[in-house]
Amino acid sequence: MAENVKTAAGKTDERVSFAGFIKNHIFDLTAYAGLAVMVILFLIFNSGPRFMYNLSSVIQAAAVYSILALGAVFIYSMGFMDVSLGQQVGVYVILMILIGNAIGGVLGIVVGFIAVLALALLCGAINGAVSIFLGLPSIVTSLFLMFFFTGAQYLMMEATGENTIRLAQTIRPADRNTYSLMLVIIIAVLAIIGGYVFNYTKLGKYTRAIGANKTTAQQSGISLVKWQVFGYMALGFCIAVGSFVMLTRTGTAGKGTGTGYAMDIMICLILGGMPLKGGMKSKISSALVGAFTYTLLSNVLTTMGVPLNWINFVKACIFLLIVLLTCRKSKGILPR
Amino acid sequence: MGKEPIIEVRHMVKNFGPTRALRDVDVTFYRGEIRGLVGENGSGKSTITSIIAGMQKATSGEMFYKGEPWNPASMVDSQLHGISMVLQEANTIPNCTVAENIFAGRFNEFAKANSFLSMRKVNKAAQEVLDSFGLQHIKATDNINQYGFEDRKLIEIVRCVSDETEVFVVDETTTALSHEGRELLYKLIHKLKDNNKCVIFISHDMDEILEQCTDLTVLRDGEIKGSLTREEMDAPDAVKKIRFLMVGREIGDAYYREDYDSSHLPDVTLKLDHVSFGPIKDFSLELHKGEIIGFGGLSGCGMHEIGRAAFGLEKLAEGKVTCEGKEIKSCLDAIESGIGYISKNRDTEALILEGAIGENIVLPSLNALSKRTFISPKAEKKLSGREIDNFRIKCNSGKQWVNTLSGGNKQKVSFSKWTAKASEVLIMDCPTRGVDIGVKQFMYHVIDEMKKQGKSIILISEELAELIGMADKIIIMKDFQVMHEFMRSPELSETDIIEYMI
């Protein structure tokens, strides 16, 4: 008899079996388990006096990844990706230093950040709109922006005549722990805002719907151009903030600043359980879980004494392992 | 001599989470029969056959094929052993040629010493098979994307059936086929039956079931509720008996609208004014409040395109579409003007299959639910819950994914998106395609209620009985032109209409 077939929404959620729950949340559980393992290994390998120092290092490194990944969730949820992200970070950090040093004082920093924010939002809008108007895959427009920013970064550094440029003033608290606490607060605030926007506003719901089925989304009244542009602008905002946080951390920039961040963010999101084909299973938590797992992994491998080249090798192996585990599943996190 | 069993299913149980799709099912299929499987959407018909054909595994139970235990690893495994299945949804490989689709997975047969593949041989063999099925209009070397849904379905049938086929499962395939396609399929299944093979035929078309099947099994809520022999199917009260077994209650005569009042309110809601696009030239239409206009014709007659144009999905060369005076240039304009559209391509256009039922239902209504950017989960749940209840969607909760629902329940979700949005104009393109009799009756009731509420409806349908039963005015199209218009009347018959269609 049909006693367990209910017709009212939400009445039998609690009746879903444990096995069913595991099956439905396998990627989330794997991601959280990965983070838990990394935290345990971090605690094992960082006991004693080094603990606070290394914890602070992890927070500082994870902060930039977290912020960038929070923005990237909005475009990955649409099934898109952005390979220009790292080069944009590089150019924005250089720009903020140049503007900050030219104007000087707090005003210089503020003007620098506003200029970068405007540029990042503009690039986001271009990235989102051009691919739709020209009918190009989003990765193509982001490739164009990547080459553009690579060139811009090179030319700007050539113009300075230096290998590295430095912000004339210090914009971070002198105390390492205070600085880390400040970063934790920034991450928390952005995560709350990101969580709100992604879960409780049209932007998050529409970007997921676009990722799940573009045609259905459009025929349900969602403007693909508008929300794709907004999604990329959300990423642009996070790139600007992430660049600022990076500046507070390093205070310097060069030709190589930002290099590799696009791939790192992709790996962070995969480690966080984000389905790269986008859709309804996309989650904002993937950004934080992935960013911290990735940073802790690097830290643990370093403290274990693994050489830098081998760290990259291990990361590549883990990435391949995830690909192998998921690409053959129709509902896996990678596009088929 | 008794009939020889070919497939035996014993104590089969299939659970999807907390939902029991099959409950201790025992059924035997014999050689030389065309066994009809009927039941409401979600009754378990496709679940049984998909398990037999290796698409999924049973939770418990046993199967025997030709007397041996049967536990196929996949659909390919099943097909290699002689069990083939054609599904309701499109199942061809896009961007490949017709020949590549037909012989997918069998290229070794055309490779010299298992190395060099001769595409010439593949194409030649594929064309021979197509010709033998009477499908000379399909070219083996063509890209499959060139062909419409119906031809692709026929190509699938060609791919499935070979000399080695022992059991052929046809799962609600005929809804996608025209008269010619159906005739071709009927000829094929009767040939298989005559060759002592077994055909399992799933359909919601009662006439088709009664005409083509030699035996019938009725399912309800995952259980076998009864079987009928050919003699019992010929009895005068057979349809009534089958419907009772399917639904568990008397369906009654109240199926379509009972009134013959084609009046409506004077206000025009949707207007297509001398519209031209693609092969459609200078088409005009006025749809009033409280009016149901039906569109009928053979596949490719242009009726589906009219529905798309009215929803702003077609780029017009001339003329304009307006709703309440506002011009419709895109589907966004249409939705903002209160138009809803139920696409005939349910799985690819109307629904997010890998999304929750609730998420699908509220999608067009999110704009209205958004209060100062905030969309309350409580409001979403309330709205989707109301529609799930109103449409009696069989599910565990609004969080259940749409792709786990049966065809009829998916269609209800597609329908409920627009009732949730309170759309004033609804364009329904084949709204009851692949839907069982109980759901159809329910949907007709909903459409009738909408008319009474003053809503305007365009009903595009391939079923003439549906148009005659529901529409105030029927527009028959052929070759992208309006051939004739019929007003609602008790005297109107399918024969009157058909002469304008062909």
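**Close-up views of helix packing in a predicted model**

**View 1. Helices H3 and H11 of chain A.** In this predicted model, the axes of helix H3 (residues 50-76) of chain A and helix H11 (residues 261-271) of chain A come within 10 Å and cross at roughly 75°, where axes are lines fitted to C-alpha atoms over the stretch in contact and angles run from 0 to 180 degrees between N-to-C directions. H3(A) and H11(A) are therefore roughly perpendicular to each other, a term used for angles of 65 to 115 degrees. A:Tyr65, A:Leu68, A:Ala69, A:Ala72 and A:Tyr76 in H3(A) meet A:Tyr261, A:Asp264, A:Ile265, A:Cys268 and A:Leu269 in H11(A), contact being counted when C-beta atoms, placed from the backbone, lie within 7 Å. By class, the contact of H3(A) with H11(A) comprises nine nonpolar residues, no polar residues and one charged residue (Ala, Val, Leu, Ile, Met, Phe, Trp, Tyr, Cys and Pro count as nonpolar, Asp, Glu, Lys and Arg as charged, and the others as polar).

**View 2. Helices H2 and H12 of chain A.** Helix H2 (residues 26-45) of chain A packs against helix H12 (residues 285-303) of chain A at an angle of about 35°, with their axes 9 Å apart. The residues of H2(A) that meet H12(A) include A:Leu35, A:Met38 and A:Phe42, while those contributed by H12(A) include A:Val289, A:Phe292 and A:Leu296. The contact of H2(A) with H12(A) has 13 nonpolar, five polar and no charged residues.

**Conventions.** Residues are numbered from 1 along each chain as its sequence is written, and chains are lettered from A in the order in which they are written. Local features need pLDDT of at least 70, and side-chain atom pairs count only at pLDDT 80 or more, whereas totals for chains, interfaces and linings use all residues.

Technical notes:
Helices (H or I, at least four residues) and strands (E, at least two) are DSSP runs, numbered from the N terminus. Two residues are in contact if their C-beta atoms, placed from the backbone, lie within 7 Å. Angles under 35 degrees count as roughly parallel, over 145 as roughly antiparallel, 65 to 115 as roughly perpendicular and the rest as oblique.
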